[in-house]
Structure formats: structure tokens, C-alpha cells
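I opened a new notebook page for this structure. I wanted to see what touches what, one element at a time.

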Amino acid sequence: MHSCTILQDADNYQPDTLDLNTDAKAAAYWFPCFRELVIKQAKQAASSQADDATAEHRAAQFQAAYLQQLDDYQNNISGNSGKVVLGTSELLKLNETMLRRFGFADPWLRQKQQENALAKARLKQRLQEIDAIADEDARWTELVRGVLAGNMFDWGAQAIASILEQDSNFGLHAALDRIEERPWLLDNLDAWLQRLRRPSPHKCAAIFVDNSGVDVVLGILPFVRELLRRGTKVLLCANSEPSLNDVTSRELSVLLDDCACQCSILESAWRSNRLLVYANGQSGPCLDMRTLPLDLCDAITANETDLLVIEGMGRALHTNLNAHFNCETLKLAVIKNRWLAKYLGGDKMFAVICKYEHS
């Protein structure tokens, strides 16, 4: 475990937003939610290895083992309350741990490959749309909206999975129409735009990305491109191991090889190491800054990183929503769970978190 200089108070850093051991209402909602989720995960695991005769049996074993551990967590709440934090991040990570234990290393691999291919084919058009916006505030607003809309493409969220299963043509523009209109539930966009009007660009941005496909290709890459255009170096930080349809660092490097040739700004930065990819040390869909790999911590320090961008429900909402960092921070997520939206004071599905914080 390495102490990253980006943490404002490493000793007291607590990534989890919720603690199911002390929040009875949260526990009453999330434990049944995860019991339902594991049924879908087991089906996905089995179908991902349909040519293996043992897949169905191993998927059933995975489901039983997960539910047993879930029961253990719930039965021990009274004994652990106030002593151990039990965040939703632990239950999400448990899903990935159990899948690997029973031989399902990457159940969403085919889905990720298909969505990456479709998104790559639309990247040039999206960049042209962005370039057609002359006003800088309007352009950055569209870039942020693009990241948020891209973050809709999350197979781990039941509300989104239902949309994607029913409409194979659901794309970025349809997602842009679905996200909450401003003012957002947490709306610091104007403060972010004001910061961008200052003449001094950020030296280096560390961006913790989320999903494959539309999210990373059509949401994140145009945002990254605009930072590069301003002279900011970019460290893209992706999962070390597969989790749902989240992009891994290895997959992201391959994607950049394919996408950079569509844009001279991306290509120049990718070839000159002004755009770099790092593994973030995570094997689940959330983010614990205490477990970043040493090489990423060193890169954050060596490049004088002064902007942190955290994207997605897992990394910016289930974890790190209330965490404080030593640099400017932009947290972006679409809330794809109605209970969580209400918990945070909203009443709409697909409510938006756009939280900008000074160092």
C-alpha cells in the first residue's frame, strides 16, 4: 500500500460514501439489491462460456458462494457497527472476486469488444461535432455532457442494462437526451468553466475512467483531447483487472492505438508520451486511492498533477464523493439508481453529479 501525494489526509481517507454497518436504511435497500444483482451476474458468467460444459455449474457455485458471504456480512452488522466500514464498494468487489474464484475472469469481454468497435467507428464524427462549437464555454459544456452521457453505458446498472437490452441502437445522442437537464443535482459546472477561462492550463490531469465503448471512446477521449489542446499532460487510469464492462488498462492502450490515428492531437500526444495509460490497481468498479500502484503514484508526483478527474458511479459516487484531495478535482457521474438519487437529495432517475473542488 502506497501513500499517494494526491490525498489531502491519507491517514483519515475513507473512500466509501455509505456504511451499511451503521446506516440501517442503506442496508435495508442494498442487501436485497445485491441479491438480485448476483442472479444476473451468474447468468452472464454462464453465457460468457457457453461452450464449456462446466460453466452452468460453476456459475451456480459462484452465486451460492456470493450469497453466503452476503449473508455473513448482513448477520454480522451488529457486531461490526462502528468498528468496520462496510461500503457498497466491498459488495461490488466481492462480485468480481467470486467470479474469478470460479473461473470467470472476464464475463463481459465480448460485450466490451463489440461496444469498442462501434464506438471507434463514431469517434471522428463526435470530434467534428465538438470542433463545430466555436464558443469555448459551450464547447466545454458539451464535453462534460458527453462524459456524463457516455457514463450511462454501464451494464452493472439495472436501469441501463434494461435500456441497452431493449434498444440496440441506443447511442451517445440518445443518452444525451436522457440525462438530467441543468441545474443538475450537484452542479458545479459554472465553477469548472470559470477555472478554464484562466490563462494558466493545468500541468497534468489524472483521469480515472469507467466503462468501455461509448463511455471511454466518445465521452472521455474528446474531453482528454481538449485538455491536450490546452497543453495539459494526461494520465489515463483504468482498472488493473476486469470488472463488469469497465475498460482495463491493457484494453485502453489498444484502444488508443486504434483511436489516435483518427485525430492528430491524440496521435501526437500518444506518440510523444503526453498521453499515458496506467493501471489503477483496482479489481472492482470502485476506487480506493490507498491501493494505487507505486508507478502511478510516482507518475502523479513526477508530473506535478494538479487536476484529478474521477468518473462514474463506482469511483465518484459509491466511493470518493466526500473525499478531499491536494489538487483541483472534478467528479462526474450519472446516478443510475433511484434510491441513491433520493438519498442524495434528488428525485429523478439519471440525475447528474458534477462536483468541482479547488485544492
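**Entry 1: Thr141.** I began with one residue. Leaving aside neighbours within four places in sequence, I found Thr141 in contact (heavy atoms within 4.5 Å) with Leu189 and Leu193. I located Thr141 in helix H6; helices (H or I, at least four residues) and strands (E, at least two) are DSSP runs, numbered from the N terminus. Buried or exposed? I looked up Thr141. Its relative accessibility is 19%, so Thr141 counts as buried. The cut-offs are under 20% relative accessible area for buried and over 50% for exposed, with partly exposed in between (1.4 Å probe, protein chains only).

**Note on the model.** This is a predicted model, where local features need pLDDT of at least 70, side-chain atom pairs count only at pLDDT 80 or more, and totals for chains, interfaces and linings use all residues. Residues are numbered from 1 along each chain as its sequence is written, and side-chain values use heavy atoms, with hydrogens and water left out.

**Entry 2: the sheet.** I traced an open sheet of seven strands with mixed pairing, in the order E1-E7-E6-E5-E2-E3-E4. Two strands pair if DSSP finds at least two bridges between them. E1 (186-187) and E4 (275-279) stand at the edges; each has a single partner strand, so one side of each lacks a neighbour in the sheet. I then checked E3 (residues 233-238): five bridges join E3 to E4 in the parallel sense. Val234 has Leu275 in E4 as its bridge partner.

**Entry 3: helices on the sheet.** H6 (residues 136-150) packs on the sheet and touches E5 (307-311), E6 (328-335) and E7 (351-357). The direction of H6 makes about 50 degrees with that of E6. H10 (residues 214-229) also packs there, touching E2 (204-208), E3, E4, E5 and E6. Its direction makes about 155 degrees with that of E3. Axes are lines fitted to C-alpha atoms, for helices over the stretch in contact, and angles run from 0 to 180 degrees between N-to-C directions.

**Entry 4: H11.** Which residues of H11 (residues 249-259) are buried? I listed Ser249, Glu251, Leu252, Leu255, Leu256 and Cys259. Down the axis of H11 they fall within an arc of 150 degrees, so they line one face of the helix. The arc is that of the directions from the helix axis to the C-beta atoms. These buried residues pack against H5 (109-131), H10, E3, H12 (264-271) and E4.

**Entry 5: H5 and H10.** The axes of H5 and H10 come within 10 Å and cross at roughly 40 degrees. Residues that meet include Leu123 and Leu127 in H5, and Leu218 and Leu221 in H10.
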